[in-house]
Amino acid sequence: MTEAAARRAPGAPCWVSLMVHALGATEDFYGRLFGWEFRPGPEELGPYVRALLHGREVAGIGQLPPDRHLPIAWTTYLASEDADATAESIRCCGGTVAVGPLEAGRAGRLAIASDPSGAVFGVWQAGEHLGTALAGDPGTPVWNELVTRETASVAKFYQAVFGFEAEAVVSADFDYQTLSLRGRPVAALHGVGHGLPRDRGPHWMTYFEVADTDEAAAHVVELGGHVLQPPRETSDGRLATVADPEGAVFTIQRSAGH
């Protein structure tokens with residue numbers, strides 16, 4: 001069991017959360033899939049729970065107001081030492097700030113933004129809540145990747161706002177850039193061109209570790225979810241892309257070497 005870093009470097013993914021219509025049913029789905037338990041989170045966010053694994057916080061799930069018909073999707077939060085300054089930088093660099101920055105009690109300060117291509121992400125300025133407190137175990141978020149049309153222009157946005165070093169994979173048919181902070185890869189940009197789902201547009205994808213990808217994919221279906229891309233071998237491990245019963249898409253991964 002590896003401990004996640006305490007306070008994340010600015011720009012590093014530090015938390016993932018999901019807003020849904022049926023909070024109880026969603027808790028049941030992820031509880032059975034990943035072994036998560038739940039406890040109430042900051043009430044400033046409305047009905048909201050934090051998911052725990054081995055007693056450590058790994059993700060958040062909140063309930064949308066009944067009249068809000070937003071896309072149901074996992075949101076990747078990037079760390080910031082000053083959410084207001086980051087929000088200003090996002091606007092200056094061609095992005096949009098949709099929510100906040102606002103206080104989440106003593107937990108911290110957050111904003112929800114989108115990059116120039118329209119992909120939504122969160123900004124988290126940690127107070128008492130530093131973010132995901134466990135990494136590497138099955139049931140924890142292990143990677144975050146932006147799925148977009150092409151990486152060149154959007155990479156400039158993330159570099160300008162968060163100070164990432166971006167390194168492109170040199171390949172004629174593969175548009176992929178790794179985002180690093182202080183020499184350590186923390187996220188990636190993946191350009192898929194016309195392979196982008198028409199109904200989703202550019203989006204951040206959360207990868208969750210599992211003990212067995214095929215077993216977990218079958219379990220997703222048993223629990224009322226869907227398999228969008230069946231299990232496949234990659235250099236990073238065995239992956240499958242799935243969706244929960246409300247349609248939130250995520251990737252399950254048994255990392256190489258596990």
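This briefing describes the sheets, helices, selected residues and aromatic pairs of one predicted model. Local features require a pLDDT of at least 70, side-chain atom pairs count only at pLDDT 80 or more, and totals for chains, interfaces and linings use all residues. Residues are numbered from 1 along each chain as its sequence is written, and side-chain values use heavy atoms, with hydrogens and water left out. Helices (H or I, at least four residues) and strands (E, at least two) are DSSP runs numbered from the N terminus.

- Strands β2 (residues 13–20) and β6 (residues 74–79) are antiparallel and share five bridges, with S17 standing opposite T75 of β6.
- Strands β2 and β5 pair in the parallel sense over four bridges, and G62 in β5 is the bridge partner of M19.
- Strands β4 and β5 run antiparallel and are joined by six bridges; here G62 in β5 is the bridge partner of Y48.
- The hairpin of β4 and β5 has two residues between the strands, and H54 takes a positive phi near 55 degrees in it.
- Six of the eight residues of β5 are buried, so this strand is largely enclosed by the rest of the structure; buried means under 20% relative accessible area, exposed over 50%, and partly exposed in between (1.4 Å probe, protein chains only).

**Sheet containing β11 to β18**

- An open sheet of eight strands has the order β12-β13-β14-β11-β15-β18-β17-β16, again with mixed pairing.
- The edge strands here are β12 (165–168) and β16 (226–234), each of which pairs on one side only.
- On average, neighbouring strands of this sheet are turned by 25 degrees against each other, direction ignored.
- Strands β11 (residues 141–148) and β15 (residues 203–209) pair in the antiparallel sense through six bridges, and H203 in β15 is the bridge partner of V147.

**Helix α1**

- Helix α1 has twelve residues and reaches 16 Å from its first C-alpha to its last, close to the 16 Å expected at 1.5 Å a residue; the expected span is 1.5 Å times one less than the number of residues.
- The buried residues of α1 include L23, T26, F29, Y30 and L33.
- A25 is found in α1 and is exposed, with a relative accessible area of 51%.
- A separation of 9.5 Å lies between the C-alpha atoms of A25 and E246, which are 221 residues apart along the chain.
- G35 follows α1 and has a positive phi, near 75 degrees.

**Helix α3 and T151**

- Helix α3 (residues 151–162) lies across β11, β12, β13 (175–181), β14 (184–191) and β15, running at about 150 degrees to β14.
- T151 is found in α3 and counts as buried at 2% relative accessibility.
- The side chain of T151 makes polar contacts with the side chain of D175 (2.6 Å) and with that of Q177 (3.0 Å); a polar contact is a pair of N or O atoms within 3.5 Å, where within protein one must be able to donate a hydrogen and the other to accept it, and residues adjacent in sequence count only if both atoms are side-chain atoms.
- Not counting residues up to four places away in sequence, T151 touches D175, Q177, L189, H190 and G191, contact meaning heavy atoms within 4.5 Å.

**Aromatic pairs**

- Rings of Phe, Tyr and Trp (its six-membered ring) pair if their centres lie within 6.5 Å, and planes under 30 degrees apart count as stacked, over 60 as edge-to-face and the rest as tilted.
- By this rule the count comes to 20 aromatic pairs.
- W74 and F208 form an edge-to-face pair, at 5.3 Å centre to centre with 65 degrees between the planes.
- This pair links distant parts of the chain, with W74 in β6 and F208 in β15, 134 residues apart.
- Both W74 and F208 are buried.
- Ring pairs link F29, Y30, F34, W36, F38, W74, F208 and F250 into a cluster.

Methods:
Pairing = 2+ DSSP bridges. Axes fitted to C-alpha atoms, helices over the stretch in contact; angles between N-to-C directions.
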